[in-house]
Amino acid sequence: MQKLIVQGGTRLRGEINLQGAKNSALPIMAASYLCGSKCVLHNCPKLTDIYAASRILNYLGCKCSFAENTVQIMPTESDCSSISEELMQEMRSSIIFLGALLGRHKKCTVSYPGGCKLGPRPIDMHLSAFRKMGVDINENFGKVICNVKKSVHGARISLTFPSVGATENIMLCAVLADGETIINNAAREPEIQDLAQFLRCCGAKIKGDGESRIVIEGVKALSGCEYTIMSDRIACATYLSAIAGAGGEAIIHKACANCIEPFVSLLDQTGCSIYTLDEGIYVRSGMRMKAIESCIRTMPHPGFPTDAQAVLMAALTKSDGTSVFEENIFDCRYRHTDALIKMGADIKVLGKTAVVQGVDRLYGAKVEATDLRGGAAMVIAGLMAEGTTEVTKICYIDRGYENIEVYLQKLGADIRRE
């Protein structure tokens, strides 16, 4: 089993090029299954979740290859409309193939997905939307069996919550459906816009992405295209947190400051100097961050992203003062706090609130990653700690970060993989 060994106490300096966005690449890979010709996707990060999506596409009959951050997907005439439970369990985002299968075959059978254990993330909104679009759905023994008697048709769908996954799934099903689909209270994340732009390049008719109302006019067919995936805003927030917490200065290239404005505006309150460059962000941090006075509330975009909560919390464990977090997206997103407390952090959790009182010192320890972002938070705490930190179960970290130790080594961190 692999682990990360982190020797703390080194200020970070240097430059890195940001990886491609996992949360954009995965739905775009699923969308490629709808195309009638080859898709070439550049800037795909080398992640276990990307490899899992590639295996699903190959299972469905596509010819999918991945080399040098480029995925090539050649659809075939295969009529396979089901995904094995083993493949579905490899990642949480596997449910995104439900919309793609319905869009192409008008039927499918899948099981519930796997992934990080962050509390219940039901797919009720996905299934409710599909039913409005003419899909008959039966749920039996953990399987979702979908069939269409006549055709998948457009519908007016109002989401009870701006779910990213539900918005993406509806988009994938709707682009080849009969008529017009309107999604009200749609997710507004930049990754939604990236998916919509890819689909438009393939011939889809979509407008309103980035706003709360998306309109999709179904077309008869989509063609493949060559496309470059956006950079990963959560990886950017992670490396900014590491630099802020450990101290130092660095430039993160290929970063979109507008995409992480809610995060940057909070980090600015800690006393860090942050400047936007052409396709990049410069950050400089002093010896100790200031605590953030306002409550840090996770919200759907354009609010503060839940995926950045753990990494910012780790950076603030040695801040001057008290910071308060309020987690409004997932029920089990404070599982990393036990590891941070083990390392000397002063964190008190009550329900969806976590109070972080800055301490003078953190200490290296043996900790176990609990999920993707929580694992990254432990690495950041290790960079800030005295002594050696050993992070195990880094399979979680590898789901979302492309060789995290290599990126941090480029910034001068003393970290290695064993």
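Where does asparagine 43 lie? Asparagine 43 is found in the loop between β3 and α2. This report on a predicted model begins with the chain as a whole and then turns to its sheets, its cores and several individual residues.

## Overall form

The chain contains 13 helices and 23 strands. Its C-alpha atoms occupy a box of roughly 65 × 40 × 40 Å along the principal axes. The radius of gyration is 21 Å, which agrees with the value near 22 Å that a compact globule of 418 residues would have.

Of the 418 residues, 59% are buried. Among contacts with a separation of 6 or more, 73% are made by residues 24 or more positions apart. The accessible surface of the chain amounts to about 16400 Å², and carbon and sulfur atoms contribute 48% of that area.

## The sheet containing β3

An open sheet of 4 strands has the order β4-β5-β3-β13, with mixed pairing. Because β4 (63–67) and β13 (226–228) each have a single partner strand, they stand at the edges, and one side of each is left without a neighbour in the sheet. On average, and with direction ignored, neighbouring strands of this sheet are turned by 15 degrees against each other.

Within this sheet, β3 (residues 39–42) pairs with β13 in the parallel sense over 3 bridges. Valine 40 has glutamate 226 in β13 as its bridge partner. Helix α7 (residues 190–201) packs on the sheet and touches β3 and β13, its direction making about 165 degrees with that of β13. Another helix, α2 (residues 48–59), lies across β4 and β5 (70–74) and runs at about 155 degrees to β4.

Strand β1 (residues 4–7) pairs with strand β22 (residues 388–392) in the antiparallel sense over 4 bridges. Glutamine 7 stands opposite threonine 388 in β22.

## Nonpolar cores

The largest nonpolar core has 78 residues, and those with the most contacts inside it are Phe97, Met133, Met171, Phe198, Leu199 and Leu222. Leaving aside neighbours within four places in sequence, phenylalanine 97 is in contact with Ala30, Ala53, Ile56, Leu57, Leu60, Ile83 and Met91. Apart from this core lies another, of 75 residues, which includes Ile252, Leu266, Leu312 and Ala365.

## A buried and an exposed residue

Is valine 311 buried or exposed? Valine 311 has a relative accessible area of 0% and is therefore buried. This residue belongs to helix α10 (residues 309–316). Not counting residues up to four places away in sequence, valine 311 touches Ala237, Thr238, Ser241, Arg373, Ala376, Ala377, Ile380 and Tyr401. The C-alpha atoms of valine 311 and isoleucine 234 are separated by 9.4 Å, while the two residues are 77 residues apart along the chain.

Glycine 351 is placed in the loop between β19 (346–350) and β20 (353–357). Its relative accessibility is 62%, so glycine 351 counts as exposed. Glycine 351 and glutamate 327 are 24 residues apart in sequence, and their C-alpha atoms are 8.9 Å apart in space.

## Backbone features

Most residues other than glycine have a negative phi, and most peptide bonds are trans. Asparagine 43 has a positive phi, near 65 degrees. Phi is also positive in asparagine 185, near 60 degrees. Asparagine 185 lies in the loop between β10 (180–184) and α7. With a relative accessible area of 31%, asparagine 185 is partly exposed.

Which residues are joined by a cis peptide bond? Histidine 301 and proline 302 are joined in this way, with omega at about 15 degrees. Proline 302 is found in the loop between β17 (296–297) and α10.

Technical notes: Residues numbered from 1 in each chain as written. Predicted model: local features only at pLDDT ≥ 70, side-chain atom pairs only at ≥ 80, totals over all residues. Heavy atoms only, no water. Pairing = 2+ DSSP bridges. Helix = DSSP H or I, 4+ residues; strand = E, 2+ residues; numbered from the N terminus. Axes fitted to C-alpha atoms, helices over the stretch in contact; angles between N-to-C directions. Contact = heavy atoms within 4.5 Å. Rg over C-alpha atoms; globule rule 2.2 N^0.38 Å. Buried < 20%, exposed > 50% of the residue type's maximum accessible area, 1.4 Å probe, protein only. Areas by Shrake-Rupley, 256 points an atom, 1.4 Å probe, with all protein chains shown as cover. Core = buried A, V, L, I, M, F, W, Y, C linked by side-chain atoms within 4.5 Å.
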